[in-house]
Each structure stands twice: as structure tokens, then as C-alpha cells.
Amino acid sequence: MSRIGKSPVAIPDGVTVEIKDNVVTVKGKLGELSQEFSEITIKDEDGTIVLERPTEGKDHRAKHGLYRALINNMIEGVTNGWTKELELVGVGYRASNQGQKLDLAIGFSHNIVMDIAPEVKVETISEKGKNPKVKLTSHDKQLVGQVAAKIRGFRKPEPYKGKGVKFVGEQIRRKAGKSA
């Protein structure tokens, strides 16, 4: 049984949490996030947020842990921010950016140009002898994950040579090729 929902969420200095009706708004040095909630009571008790569920029903137990994790991620995001790094593995694979436009050359006949949301900072790192990397940073964890998944979806890593767009640190299950 998950006990995530029972542990309180600490509010660090410089972060304000506002609970109105069914919406929780978190403001910090990196930005502002808001999330709508239902069926779970959220209370601000002197510097910590406590969540309580009305019954022991399956949906209430699930939402209890989910909402606690979402609030914790919002607080973590406005204080420290979230970062995802993608690595382009393959001969001739390149990445460059001009502001919020990401230009990927990943083995197609044309380059893929993607507009990145203004809340996400994009940075491309190209070092000689190493695979190019795309670094995404934002205060919104869900948005960073969604943008990273979209970029990875253009060319997922294949299991034979490992070519494609992968997360830094991701282990790709490799297959043996044909044996003659």
C-alpha cells in the first residue's frame, strides 16, 4: 500500500501556496503553477501542506497519493526547476537552436524544426567526439516531460545499433543481429 499521501509537504522559504476552492496555486522564484483538485481536502498547516481523503475507497486512495506528488513537484519546480537531457546517437545527427526553435537533423531527408513552449528553456550542446545533447529546463515538470517525449518520439532508439534520440542515462535493450 502506498503511503505517499500521508506524508506532509514542506513549504520552503520564498514559496507561497494559495488554496482556493479546488485550485492550488504555487508561486516561487522561477514561476507560478496552478492545479485543480477534487474530492481530497488540502490544508495549509503552519508551513506544511497536509492532504486528507474522505474515505478508504480505491479512487480516494489513488487521488490522495497523486495530488500529494503533484503538489510536491510543483513546489520543487518553482524552487529548483526540472531538467531533462536528450542525447542524439547516430552518424550525422545534429541539434541546434535559435531562441525557442529547435532544429534537429536525425537521419531524415529534411531537418525537423520544432517550436518549444516559452516556459521551457532549450539549450543544445555539441562537443567534438561526443553525441549532441538537447537540454530542456523549466519549472513545470509535466511540460518538460511532454516536450522531451515529443522530441524522443521523432526517432526512438532502435535495438540493433542504438541509433536515435534517447534520454541521458537511459539503458537501451540491445538485440543481436542475424547470425550467418
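The questions below concern aromatic rings, charges over rings and salt bridges.

Tutor: This is a predicted model, in which local features need pLDDT of at least 70 and side-chain atom pairs count only at pLDDT 80 or more, while totals for chains, interfaces and linings use all residues. Residues are numbered from 1 along each chain as its sequence is written, and side-chain values use heavy atoms, with hydrogens and water left out.

Student: How are the rings of Phe37 and Tyr67 arranged as a pair?

Tutor: Rings of Phe, Tyr and Trp (its six-membered ring) pair if their centres lie within 6.5 Å; planes under 30 degrees apart count as stacked, over 60 as edge-to-face and the rest as tilted. A search of the whole structure finds 1 aromatic pair. The centres of Phe37 and Tyr67 are 4.6 Å apart and their planes stand at 75°, so the arrangement is edge-to-face.

Student: Where in the chain does Tyr67 lie?

Tutor: Helices (H or I, at least four residues) and strands (E, at least two) are DSSP runs, numbered from the N terminus. Phe37 is in the loop between strand S4 (32–36) and strand S5 (41–45), 30 residues from its partner. Tyr67 belongs to helix H1 (residues 58–79).

Student: Are Phe37 and Tyr67 buried or exposed?

Tutor: Buried means under 20% relative accessible area, exposed over 50%, and partly exposed in between (1.4 Å probe, protein chains only). By this scale, Phe37 and Tyr67 are both buried.

Student: How far is Arg155 from the ring centre of Phe108?

Tutor: A charge sits over a ring if NZ of Lys or CZ of Arg is within 6 Å of the ring centre and within 35 degrees of the ring normal. The charged end of Lys84 sits over the ring of Phe167, 5.2 Å from its centre. For Arg155, over the face of Phe108, the value is 4.2 Å.

Student: Which residue forms a salt bridge with Glu170?

Tutor: A salt bridge is a side-chain nitrogen of Lys or Arg within 4 Å of a carboxyl oxygen of Asp or Glu. The search of the whole structure finds 8 salt bridges. Glu170, in the segment after strand S13 (164–167), is joined to a residue of helix H2 (residues 141–154), so the pair ties together parts 18 residues apart in sequence. At 2.7 Å, N to O, the partner is Arg152.

Student: Is Arg53 buried or exposed?

Tutor: Arg53 meets Glu56 in a salt bridge (3.1 Å, N to O). Glu56 is exposed, at 51% relative accessible area. With a relative accessible area of 17%, Arg53 is buried.
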